[in-house]
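Please read it alongside the sequence and the coordinates.

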Amino acid sequence: MTSISKKSENQKIAYIRSQLTEGETIKRMAEIHSGIYWKTIVVGVFTLLLFMTPIHNLGYLFALVTLVMGVIAWLTKHFLILALTDRRIFVRYGVIRLDTVQLRLSRIESVELERTIIGQILGYSTVVITGTGSRVTYVPFVAHGEAFRKDINEFLMKREKIDEKEDSK
């Protein structure tokens, strides 16, 4: 992990900690997979191939597109947060318009994983969190999405057992 990515992770953790209520703890932070750059790499390779052809001037345009795609992917990786606490799930996404969603664990209906072929090859997935009231939140490029979903499900099952015990009293 480079010093830039360590700094980014520390900033993400500090942001989540600033949002916690008293007694609330972070249980898991999702890692955003470097597969977020795959489209930039493909366009970059295409750009290099264009520079080797008679239409190499078009390569300058594609070089600019590659640069913009790379910056957007880096910013997305920098600002995208998916965190599980013992009470809520935090999701922060967006580059120009930064949105933050906080879902209480008691309001979550399901946690699903979506995988594209590239996601299967590179090892990332999109985590889809469905809350009550038709709220659906997509978090793309999550590394180890299965482990994150498992942790959420374990917390939900623990909550259900606690609720069942309280109801039976």
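Is Leu48 buried or exposed?

1. Leu48 has a relative accessible area of 53%; because exposed residues are those over 50%, Leu48 counts as exposed. The structure under discussion is a predicted model, and Leu48 is located in helix 2.

2. Leu48 belongs to a nonpolar surface patch of about 760 Å², together with Ile41, Val45, Leu49, Phe51, Met52 and Tyr60. Helix 2 (residues 38-51) supplies the largest share of this patch, namely five residues.

3. Three aromatic pairs are present in the structure. One of them joins Phe46 and Phe62 in an edge-to-face arrangement, with 5.1 Å centre to centre and 70° between the planes. This pair connects distant parts of the chain, since Phe46 lies in helix 2 and Phe62 in helix 3 (residues 57-79), 16 residues apart.

4. A tilted pair is formed by Tyr124 and Phe141, whose ring centres are 4.9 Å apart and whose planes stand at 45°. Here too, distant parts of the chain are linked: Tyr124 is in strand 7 (residues 124-131) and Phe141 in strand 8 (residues 135-143), 17 residues apart. Tyr124 is buried at 7% relative accessibility, and Phe141 is buried at 16%.

5. Two contacts between a charge and a ring also deserve mention. The charged end of Arg92 is placed over the ring of Tyr15, 4.7 Å from its centre. The charged end of Lys158 sits over the ring of Phe155, at 5.4 Å from the ring centre.

How values were computed. Residues are numbered from 1 along each chain as its sequence is written. This is a predicted model: local features need pLDDT of at least 70, side-chain atom pairs count only at pLDDT 80 or more; totals for chains, interfaces and linings use all residues. Side-chain values use heavy atoms; hydrogens and water are left out. Patches are made of residues with over 30% relative accessible area and no salt bridge: like charges are joined within 9 Å, nonpolar side chains (Val, Leu, Ile, Met, Phe, Trp, Tyr) within 5 Å. Accessible areas come from the Shrake-Rupley method with a 1.4 Å probe; for residues, only the protein chains shown count as cover. A salt bridge is a side-chain nitrogen of Lys or Arg within 4 Å of a carboxyl oxygen of Asp or Glu. Helices (H or I, at least four residues) and strands (E, at least two) are DSSP runs, numbered from the N terminus. Buried means under 20% relative accessible area, exposed over 50%, partly exposed in between (1.4 Å probe, protein chains only). Rings of Phe, Tyr and Trp (its six-membered ring) pair if their centres lie within 6.5 Å; planes under 30 degrees apart count as stacked, over 60 as edge-to-face and the rest as tilted. A charge sits over a ring if NZ of Lys or CZ of Arg is within 6 Å of the ring centre and within 35 degrees of the ring normal.
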